[in-house]
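Good morning, and thank you for joining. I would like to take you through one structure, and I ask that you keep the sequence and the model in view as I speak.

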Amino acid sequence: MAGDRTLFSRSSRSSRDDIDERLREWITADAPIMIDSPSPSLSARRMWHCSLPEGEARIPCGGTHVSRTSELGPVRVSLSLQDAELTMRTVVGLPAQR
């Protein structure tokens with residue numbers, strides 16, 4: 001079990017660095033972000049849509065309301081493993097207002 005944790009720790013550090021680098025690339029791309037909604041209803045499930053350099057991305061809207069990826073500022077992830085459950089936490093640091 002301890003060996004598994006050590007392997008995960010090394011692997012997660014490398015994966016985290018790869019994810020952070022990809023996020024930096026997407027933010028630097030300054031891609032436009034749109035919110036798609038199937039209806040004007042407040043209960044409609046909205047989707048965040050963005051044209052990234054690698055292709056289109058669509059994810060459920062999580063309440064981060066920016067119009068371009070560059071508005072997100074620095075983004076970092078952390079990975080944790082507990083009882084075979086992998087959790088990824090994302091922290092967004094919005095840049096200072098100009």
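This is a predicted model: local features need pLDDT of at least 70, side-chain atom pairs count only at pLDDT 80 or more; totals for chains, interfaces and linings use all residues.

The mean pLDDT of the protein is 80, and 83% of the residues reach 70 or more. Where is confidence lowest, and where is it highest? The lowest mean, 74, belongs to helix α1, residues 2–28, whereas strand β2, residues 47–52, has the highest, at 90.

I turn now to the largest pocket. Its space amounts to about 480 Å³. Twenty residues line this pocket, and those closest to its centre are L23, W48, I59, L72 and T90. Which elements give two or more residues to the lining? They are α1, β2, β3 (55–60), β4 (75–82) and β5 (85–92). Helix α1 provides the largest share, with four residues. In terms of class, the lining comprises 15 nonpolar and five polar residues, with no charged residues.

Next, the charged side chains. The structure contains seven salt bridges, and I shall describe three of them. Two lie in helix α1. In one, R24 meets E21 with a distance of 3.0 Å from N to O; these two residues are three apart, about one turn of the helix. Both are partly exposed, R24 with a relative accessible area of 39% and E21 with 36%.

E25 is partly exposed at 37%, and R22 is partly exposed at 37%. R22 and E25 are also linked with E54 in a network of salt bridges.

What does the salt bridge between R68 and D30 tie together? The closest N and O atoms of this pair are 3.1 Å apart. R68 lies in the loop between β3 and β4, and D30 in the loop between α1 and β1 (33–36), so the pair joins parts that are 38 residues apart in sequence. R68, at 32% relative accessibility, is partly exposed, and so is D30, at 28%.

Finally, the cysteines. C50 is buried, at 0% relative accessibility, and C61 is buried as well, at 16%. A search of the whole structure finds zero disulfides.

Methods
Residues are numbered from 1 along each chain as its sequence is written. Side-chain values use heavy atoms; hydrogens and water are left out. A disulfide is a pair of cysteine sulfur atoms within 2.5 Å. Buried means under 20% relative accessible area, exposed over 50%, partly exposed in between (1.4 Å probe, protein chains only). pLDDT is the predictor's confidence in each residue, from 0 to 100. On a 1 Å grid over the protein atoms alone, a cavity is a set of points where a 1.4 Å probe fits but cannot get out, and a pocket is an open set with protein on both sides within 12 Å along at least five of seven lines; lining residues have an atom within 4 Å of a point. Grid points are joined across faces, edges and corners, and a volume is the space filled by probe spheres set on the points. Ala, Val, Leu, Ile, Met, Phe, Trp, Tyr, Cys and Pro count as nonpolar, Asp, Glu, Lys and Arg as charged, and the others, Gly among them, as polar. A salt bridge is a side-chain nitrogen of Lys or Arg within 4 Å of a carboxyl oxygen of Asp or Glu.
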